[in-house]
Amino acid sequence: MIKVTFVTNNCKVVFAPENSNLLRVSLREKGGIPYKCGAGLCGTCKCRIEQGLEHTDAIKEKERKHLSDDDFANGYRMACQTFIRGDVSISWVPKPAAKPAMAVAKECSAAIEGAFSALPEELRRNMLEIGPVWAEDIVGHREMVIDAYTPVLANVPREGIEVTRELPYGPHPRHRLDVYRQAALDQAAVVLFVHGGAFVRGVKDTSAEIYGNFARYFARHGCVGVNMEYRLAPEAAYPGGAEDVARAIAWIKENVWEFGGNPDRVILVGHSAGASHAAAYVCDPAARPAEGPGVAGLVLMSGRLRADARADNPNAHGVRAYYGADESLYEVRSPVTHAERLDVPLFVAVAEYENPYLDAYSAEFLHRVGMARKRLPRFVQLRGHNHTSIVAHFDSGEDLLGRELLDFIAHPA
Ligand code: FES
């Protein structure tokens, strides 16, 4: 028997014989996949194979009427046309329906619990508990998140994903990056990840799995994932971090074709202080290259987009180390000050539970870009998650944010 997990139906688990039709299993076991015709005509049963895509049979002609090559590459199938040979997890877009407020509230709370669906039950409860008190012990809670996700990520299959490590992109020992990709790529989008660490700490591999998990997730979905390290303050003060992003992008432009990447489709992703460097590289005149940033999109995750040394900023010492002791310069050195200059597609993500003010600074950045463009850029607030898990959960099997980012990469706007 094989295991079928209906992710969208509160992760309901059922068992079925090998080579079962997916829609029939759903109907028999009340799995919940929507359907109308059952014959490949209506397109209603579109669903996503979250895990176990390799256990599905060949794509049928009828499916091609409803799904694109990109959809297939992202794991979408028509349930009524798909037979399964091994364990799979399935999700789909639920049908909207008017519901009483209490029922909606219950669903919201289930969605928050689904935030940590890749973790064992006890760890999931821990993560849900630390969210509301995240800021009371950021260092301790961060360690809990890393410790929770590292063993889970260690068990994620990685066949077919090649990793080339410690490639130098500059003269400093921290000018190193790792490249994640599948073989035989051609002109694939390139996702460059810039880690955080309050400007004074942080490495590209903070554990054996994190932050490589971020690059690996995108490699799994047909991109070239690049995970970079950079110099820290006070050795490399403002705008040293953004200058290192520039170096890494210059390296990508010159070398990524060897890994099957397209140098004209670089998506720059920064987390926390890494988002400060990424945003500064794209829009701060002190760091932005004269010829333009040369990226196809910018993703800012939980970014410190305003320099502040407030008493209630637990990382104020890092801000001072990077931006300098003269706080009168903070305004002009803050990425948010230059947001209106942004001339590339933008995606902003924050966790529900952030380090103090980071979500508000992201909102400020979004507002300024939105006013300049007369349209708000793409934005996600990831329910239940915290400042660290917003990155640590990538490639764990839970990928609400991952899918949003894949869509942004496919259709940056
Ligand atoms: S139910 Fe109509 S296409 Fe599958």
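Guide: A charge sits over a ring if NZ of Lys or CZ of Arg is within 6 Å of the ring centre and within 35 degrees of the ring normal. The model is a predicted one, in which local features need pLDDT of at least 70, side-chain atom pairs count only at pLDDT 80 or more, and totals for chains, interfaces and linings use all residues. Residues are numbered from 1 along each chain as its sequence is written, and side-chain values use heavy atoms, with hydrogens and water left out.

Visitor: Which ring does the charged end of arginine 48 sit over?

Guide: The ring is that of tyrosine 76, whose centre is 5.8 Å from the charged end of arginine 48. Lysine 46 also lies over the face of tyrosine 76, at 4.8 Å from the ring centre.

Visitor: Next, arginine 77: buried or exposed?

Guide: Arginine 77 counts as buried because its relative accessibility is 3%; buried means under 20% relative accessible area, exposed over 50%, and partly exposed in between, with a 1.4 Å probe and protein chains only. Arginine 77 is placed in strand β5 (residues 76–78). Helices (H or I, at least four residues) and strands (E, at least two) are DSSP runs, numbered from the N terminus.

Visitor: And what does the side chain of arginine 77 reach?

Guide: The side chain of arginine 77 reaches the backbone oxygen of alanine 58 at 3.1 Å. A polar contact of 2.7 Å also joins the side chains of arginine 77 and glutamate 63. A polar contact is a pair of N or O atoms within 3.5 Å; within protein, one must be able to donate a hydrogen and the other to accept it, and residues adjacent in sequence count only if both atoms are side-chain atoms.

Visitor: Changing topic: how many aromatic pairs are there?

Guide: The count is 17 aromatic pairs. Rings of Phe, Tyr and Trp (its six-membered ring) pair if their centres lie within 6.5 Å; planes under 30 degrees apart count as stacked, over 60 as edge-to-face and the rest as tilted. The rings of tyrosine 238 and tyrosine 322 have centres 6.2 Å apart and planes at 80 degrees, so this pair is edge-to-face. The pair links distant parts of the chain, 84 residues apart: tyrosine 238 is in the loop between β11 (224–228) and α8 (240–255), and tyrosine 322 is in helix α10 (residues 316–323).

Visitor: Why do tyrosine 238 and tyrosine 322 have the burial class they have?

Guide: Tyrosine 238 counts as buried because its relative accessibility is 13%. Tyrosine 322 is buried because its relative accessible area is 3%. Phenylalanine 347 and phenylalanine 408 form an aromatic pair that is edge-to-face, at 5.6 Å centre to centre and 65 degrees between the planes. Both phenylalanine 347 and phenylalanine 408 are buried.

Visitor: Which residues do ring pairs link into a cluster?

Guide: The cluster consists of Phe193, Tyr211, Phe214, Tyr217, Phe218 and Phe394. The peptide bond from isoleucine 210 to tyrosine 211 is cis, with omega near 20 degrees. Tyrosine 211 is in the loop between β10 (188–194) and α7 (212–220).

Visitor: What is Phi of serine 272?

Guide: Phi of serine 272 is near 60 degrees, a positive value in a residue other than glycine. Serine 272 is buried, with a relative accessible area of 10%.

Visitor: What lines the second largest cavity?

Guide: Its lining includes Val191, Phe218 and Phe408, and the largest share, three residues, comes from α14.

Methods
1 Å grid on protein atoms, 1.4 Å probe; cavity = no way out; pocket = protein on both sides within 12 Å on 5 of 7 lines; lining within 4 Å.
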